[in-house]
Amino acid sequence: MGIRNAVYGSSVYRLSLMGRTANELNFVPNDPWPIDPKRAEALFHGNYAFVGQELRSPHGAPWLPDRISEDWLAALHGFEWLRDLKGHGGEAAQHLARALVADWVDSCDQWRPVVWRPDVLGQRLAAFLIHAPFLLAGSTEDFAKTFYQSLSRQTRHLSRVVDQDVSGARRITAIRGLIYAMLCLSSAPQNLAAALKLLDRELEFQILPDGGHIERSPKQQCRVLGDVGDVRALLTSAGEPVSQQLIQSLDRMAPMLRGLRHGDGGLGCFNGSSEGNSALIDAALEISQADGQALTNAPHTGYQRVTANKVLAIMDTGPATLVDAQLHAGALSFEMSVNKERLVVNCGPYRGEDNEWREAMRRTAAHSTVTINGVNSSMLSRTGLGFQPPLTKSVREEQSGSVWLDATHDGYAERFGLRHQRRLYVDADGESLRGEDRIESIDGTSLEKRELRPLAARFHLHPSVRASLVKSNQAVLLRLPSGQGWQFHAHGGVIAIHDSVYFGVGNLRRRTEQIVLSSTTDSELRVLKWAFRRIVGPSSR
């Protein structure tokens, strides 16, 4: 990669991107995505806020700032915020958008890391093409000429690197941008069939039989569904055929995305995903044009969803993947919500530049699951997992509206000779969610591995939940914002309330609490039994 980057950054390579330039669009794509009026206002005031980080730059965009995360940089250079300025309307918004695009061309219209990464480039190309009429209306000839020249150079580079350096959802975003350029620009490399074949190949590889995305991240599930839905809409509008692979992928992915949503419309915080924007999730589902109820049993992706009387539990019963570096060691973690209120959560991802926080949120202890000896169920490294991810298996049984989930993982087998089995039971009336964590010694485990080790079952609480120990510290009273009460009981360990954090919304760190059920592996089998029970009475609303 280092040699390639040196080549891409050279003046000789930049000359190779010269060529025929379009002077108009063959086709203007539709943009069905919702706008964010607050972002438009922030841009007017020189505030550039993405993924929970904000830079103030009143005299122009901070294209290449120091000490900023790659996610922030990708969001700025992806230019999807152009829709917010267009949605704001008025000449002032148009002038600002045009000035920022012109400034970007002056500052960044040659290869740079992240800025010209295939997915960022694909996102930017699509944004420039979608909003070209907004940018060009009333512009000077010089701006139009420079704009089209930049589009042509970026497209030529993307056509060469679309399947390099990025994988998973990022690669699909890159392919989407190339397809947009090929349909909209007369100067684009005319090999649409090859780009569509590449997309089909990626969909066949990345979309699992139950409709889940291979990265197992609800956020990426939504992103890929939206990107592929955009491509289908663009092809249809342009009179181009749509492959069966693309249509079938959308039909399978939409129910899976619905299955990863809580009652508030946001996503579960699993595998690098935050709650997300419910309006964007709605839009992705609408763009997909795919029906289908929320998927409850996703054996290939490894998620289970249980609902009863407005109580919802989502459990991660699958293995980590090796597609993306930001893997989270959250095997057998679960989240629980009641109607539109979240009760039990995972801590969510940190997407800023502080590596310590980023790594901490990937650890098993940042998830509502069991840790043994304070270590992760999967060994994490900066580039992914340090060893083969734990093997998992799960069984689901349903009877008269009640649901049992039974799942295991062997992430502690090699180091400690222990297996973690978690059972969840939700009764049909939704009055309780019961669980059992069994830590058992694997046959043939050496005496050294069988030594006493601390274990903890953690239940991270949403910041809106108020918790207090009751019944001589034998239970926890939980109060939701609506006033509804729940109580946590347990056997087999010591109950305590500890501090925690939550990054589930906008990468903002929020203080919260966690229930910790502590014990030790002092025998061949340790069983922790626990339950969340609804409080029914005058005080509960």
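I looked up W63 and F79 and found both buried, where buried means under 20% relative accessible area, exposed over 50% and partly exposed in between, with a 1.4 Å probe and protein chains only. The model is predicted, so I note that local features need pLDDT of at least 70, side-chain atom pairs count only at pLDDT 80 or more, and totals for chains, interfaces and linings use all residues. Residues are numbered from 1 along each chain as its sequence is written, and side-chain values use heavy atoms, without hydrogens and water.

Next I looked at ring pairs. Rings of Phe, Tyr and Trp (its six-membered ring) pair if their centres lie within 6.5 Å; planes under 30 degrees apart are stacked, over 60 edge-to-face, and the rest tilted. I get 23 aromatic pairs by this rule. W63 and F79 are stacked, at 5.6 Å centre to centre with 25° between the planes.

I then checked F459 and F488: their ring centres are 5.1 Å apart and their planes stand at 55°, so this pair is tilted. F459 is buried, with a relative accessible area of 0%, and F488 is buried with 0%.

Last, I turned to helix 12, residues 218-237. Helices (H or I, at least four residues) and strands (E, at least two) are DSSP runs, numbered from the N terminus. The expected span is 1.5 Å times one less than the number of residues. I find 15 of the 20 residues buried, so helix 12 is largely enclosed by the rest of the structure. Just after helix 12, G239 has a positive phi of about 75°.
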